[in-house]
Every structure is written in structure tokens, then in C-alpha cells.
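I have kept each point to what can be read from the coordinates.

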Amino acid sequence: MLGLLLVVLLIPYLIAAYGLLFVKLRWGLRLFGAFIVATIGLLTAMFLVEAYPIIARDGVAVFLRTSWDPARESYGVLQALAGTVLTSAVAMALAMPMALGVAVTINEILPARLRGIFGSLVDLTATMPTVIYGLWGLFVLGPTLQSLINYLPGGMMTSPYTLFTAGVLLAIMITPYAAAVIREGYALVPKPVEEAVYAVGATRFEAALIKLRYVRNYILGGFFLALGRAMGETVAVAMVVGGNYARFTTNIFESGVTISSLIALQFPNAASYQYMVPALFAGALLLTLFGLAINAAAIYIIQKWQI
Amino acid sequence: MFTWSKTFYQVTGGKIQVNYQSIGSGAGAAQFLGKNLDFGASDVPMPKDKYQQVAGQFVQFPVIIGSIVIAYNVPEIAYQKTGKYLNLTAEVIALIYMGNITQWCDPRIKALNPGLADKLPCKDIVAVHRSDGSGTTAAFTLYLSKAYPAWNQTVSWGYTVNWPADQKAKGTGAKGNEGVAQAVLQTPYSIGYIEFAYWATNKDKYDQVGGVAFVRNDNDGKYYFPTTENVAMGAAAGLERYIKKYGAPPAPDADWNPVSIEFSNPPRGYPIVSFTYVFLWKDYAAEGYGDAATKAALLKAFFRWVLTEGQKPENIVEGYIPLPSSIANIGLEALNMVKP
């Protein structure tokens, strides 16, 4: 129903927007911008409408409870939000150093001839279907991590499929995104700046650090782009996160679930239950609001840094 | 189902092509009711509330039998080392997934396995379950609900349940049969339930690290290994029990939820039995399908073939079990109820 509304809105909008683009560029662009905001608003409204039955039944408790018991129609999504936060945190902690390393390596260390090839290879890994990463996680990464972690004293990874496995897999998946943004920024450092850095006697390492500070806005941009990917990734995470949808855990070496993987895992049979579909939409709503909050924080930080 | 449609396509000389897609049991039923599909298939019968909406308008019948094996990874007692498989009962399996039996050397496991008792290690059991909603979980939890009442009270059954072992012991999830199989093969001291067909093609791998359990049928007290014969015996016995209780075989247009409950934990044979059910409308014209007469005739031809020729061993995918003729006849009766 809402989908139809969107399509109906879309057609006159596109005609008007294209018309305006040619007549008055500024107003055309504004209209496009307004449409993007309206889309997000409508999407959030749709989640709210779809989630309404369970919110009407349980109130906000559905967002604050950790429970997933379809036999008793009892649902909560807090454990999934915790899983999303934990896997994203692991992923970002591992991915950012890798992304910085990739960006510096490509621009500083590799011979100019190889830069293009290496850069495109990194970009190519970003376009690999996520289900391939998922299969690799299922059969290679999960078992390997389990053996490694359990080799350490006190390392207790009872299953190959845990929040940690998902986090490491995500890190590998999102590194090219962050790396691409940082690399582009790094290549744009003006030549006079670079020459000035070397002129004051900086080593190559120090020069790289100074240049990275120079492009910190690109690093932040890459960070939030990668974070968005990590929070939303579904298929690959669903295959390796374990999927303990009823337990709240803060131990990353335990199985858990993220919001998007919970939706992917439970949606196919959700229609057999009265309140499961609304509960999954409540999860989607929570993820959207959480994502908006993260983005708002990102905009705030970037603006503050640019003073 | 997919193999059937391929073979049927060849048998009919390429005239009739049946398209089948695997989209999940719940979705299959929902799409059938939404009339987006000509027929539906599901690992569980039409849910009761949905059945009531369209009672009498459609038929449902089993087309193939599946089963579930209990696989375990305990290197100390691996089949290749000891030549023995574990004996388990519904009670012990339920208590493991309820988080009450947490170690392999638990006296309740030892008592069932005198031959292996001194080799069972005192290691924590990792109970692996499906993380996605699945017909396999529904059949497995239905069996535990029927065979061990305490399970029914605390956990109950369905596509997804709230596993107490996740909270109280080392329970963990994995996606799909392949995920559970991989987790069990990879994780020492784990146990998991896997679709029979999935295990049947890879038996050796399981024997290296553990094996699959003999499961006791509590009704006759015997232990059964998951073989084609033992599962078929269970299915036939389930039907007998249904007839004894209700006086007649189940009608194709009746609610099949009580039927699936009678089939689970049958009087004899391997106790975990599941079916794949097919849904057909009784009157395709009345349901608003275009070209209803042709559609109904083709569907009837296809499923008549499935229930007769399709049940022959050469037409069945390895790991599935053909219907005993008593059950196949219910399907043939159902086809007669579909208006040409």
C-alpha cells in the first residue's frame, strides 16, 4: 500500500524535478533533496505502521526486552541491537587500521605502475556478493577463528559462529569501502604541502602521519560509510553470527544475532505467527532510528572538526 | 520436488513443466493462500488459524517422508574408533536442549550407553540448533513435545523456539542444515539435529568425529537407527495409530495438524518422522485462477505421477523416504477431490 503510494508520488515528482532542473537548477536540486528526505520519512512511517500491532500490544517494551519465543508470541529486539553494536564495534576496530594501511600502502609504498592495479583490486573486493563472504565465513573463517581463539589460554569460543566471527568477517568486507574514500583523499594532498613536510626533515612515516591528519575528514567519511555497511550487512552476518535470538550477551565470543540478521533469519516463516512480522518491523524501525542517530552524530562531528 | 518436476518433464516428453522454488515452509503456505502459486508445499500442515480461513476449499496430503538425525561430535567415542553409536532417548535429548544435562559424562547418558560409559568424557555439551525458522526445527521440537511432556510445558514447538540451553548452558545457533552440520563437525563435544537427507550423503564425515544416535522409541522401548526402513515403519505406524484413534484415515480437506501430531513419536519405528505436504485448491475456477480446467488437469497428472511412479526408489532423491502405500492413497484420494 505504502509502496504504491511511493510509486504514485515518484512519477509526477520526477517530471517536475527534471523540468525544474532545466528551468531553474537550484530549485530542481532542492526538490531532489526534499524527495530523499521524504523517502526516509515514508520508510520510517511504513516501519511504524507495520510494527504497530506489537507496539500497541507491548508498548515500547518490545525495544527494551530480550526475548524471542514465537511459541508464546513474546518478542523483544534489544539483544539484536546489542549484537549490531558489538559486531560493528569489532568490525570498525579491525577495519580502520587496515583501511589506513591500504590507503598509505597504495599511495606511498607501491610503485606508481602498480597503484592503479592494486587500487582496482581492493575496489573489486567491495563488489563481491556478500553471500560469497558468508560461505567463506561458514566454512573457513569461523572454524579457523575457533581454533585460533581456543588455542590461547582461557580462549573460550564454543562455536565457530559467534559475534566475533561476524565482526571479523564484516571487517574484511568493509575495509575496501573505508580504504577507497581515504585513498582518494590521500591522493589529493597538495604537492606543496607534501614538499613542505619533507623540507622540514620528516621521515616517510612521519610524513604519512601528517598527511593522514590533513585528510582526517576523508577518514571520518570512510569510517561512517563503512560503519553504515557494517550495521546493515545481512546475508553474510546471518550465516556466521550463530543466531541466539533470545539471549542478551555482551561477550563477543558467544553466539548472538544482529537486527538485520534476525530479520533475514526469521522472516521466511514469520507469517505463520501473529506478532512476529510486526516484531521484525519493530527491529527494522529501531535500526533505522539508530542509523539516523549515528549519522546525525557523524554530521555534528564533521562540522565541529571543520571549524 | 525439484527432481520430480525434472523427471516428470522428461517422462511427459517435455510437454509439461512444473516450476518449483524453495522459499520456506511458512512462505509457501502464505503464497499459496495469496493465490500467487498454483500449489504450495510445506514441511508442516497448514497452520490452524489459516486452515480455518479456507477450510473445505483446499486439500493437503503428504508426498514424501523426511526424518531428522541426532548427530554428535565426541572424538573419544567416534564410530570409527569404537564401532558403536550412542543411544539416546527423547528425555535425554530434551534435557540437553533444556540445559539440564550439561556434560557428556552425565549419569543419565551413561545409563543408556553401558558399552561406552567409561569412554564418555566430562566435557560440556554444546547444543547446536537452527538459527533460521525451519520445518526441521518444527518437526524436531514437535517430537520432543510429544515424547517428553516437560519440554512441551517449558519450550513447546514451532519453526523457532526459545532454546533454554542458550541461556543456561552452551547452546548455539547456525543457519540452515549445512550450518548446523558444519558447526557439529567442527565443534568437539557438540550435538545437533540435522535433516536425514543432509546426513545420508555425508555419513563418513560424521563417523570420524562422532556419529548419529540410535533413538529410543518410548512406545515400544526399542532403539532405532535412522534407516529408510525404520523411518517408513514409523510413518506407517503413525497412520495406524491415527486410524485407531479417529476411526478413519485423515481426510485430505481436514485440518492436518492433529494428523502430524499423531505421526510424531509413533508406536514403533524411528520416532522422528516428518512429511512434506502439498496444498491444492479443490476448485481452481472458483478460486479465480485463469485457465482453471487445464491447470487442474496438469496438477492432477503431476501429483498422480508423484504419488505412484515418483515413489519408486530411482525417482527419489537420496535421503528421502517413499510413502507407504497406505499414506500415498490419501494423496490419490485428495486428487479425486480436485475439480477437473
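**Notes on the model**

1. In chain B, strand β2 (residues 58-73) and strand β10 (residues 273-281) pair in the antiparallel sense over nine bridges, where strands are DSSP runs of E of at least two residues, helices are runs of H or I of at least four, and both are numbered from the N terminus; two strands count as paired if DSSP finds at least two bridges between them. Within this pairing, B:V59 stands opposite B:L280 of β10(B).

2. This is a predicted model, in which local features need pLDDT of at least 70 and side-chain atom pairs count only at pLDDT 80 or more, while totals for chains, interfaces and linings use all residues. Residues are numbered from 1 along each chain as its sequence is written, and chains are lettered from A, with ligands numbered from 1, in the order in which they are written.

3. β2(B) also runs antiparallel to strand β6 (residues 190-195) of chain B, to which six bridges join it, with B:A71 facing B:G192. A further antiparallel pairing, over three bridges, links β2(B) to strand β7 (residues 210-212) of chain B, and there B:G210 is the bridge partner of B:N73. As for burial, 16 of the 16 residues of β2(B) are buried, that is, 20 or more other C-beta atoms, placed from the backbone, lie within 10 Å of their own.

4. Leaving aside neighbours within four places in sequence, B:I96 is in contact (C-beta atoms, placed from the backbone, within 7 Å) with B:I101, B:I125, B:A127, B:A165 and B:I191.

5. Between the chains, 31 residues of chain B are in contact with 27 residues of chain A. On the side of chain B that touches chain A, β5(B) gives the most, with five residues.

6. Helix α7 (residues 135-147) of chain B has 13 residues, and 13 of these 13 are buried.

Definitions and conventions:
Contact = placed C-beta atoms within 7 Å. Buried ≥ 20, exposed ≤ 12 C-beta atoms within 10 Å, placed from the backbone.
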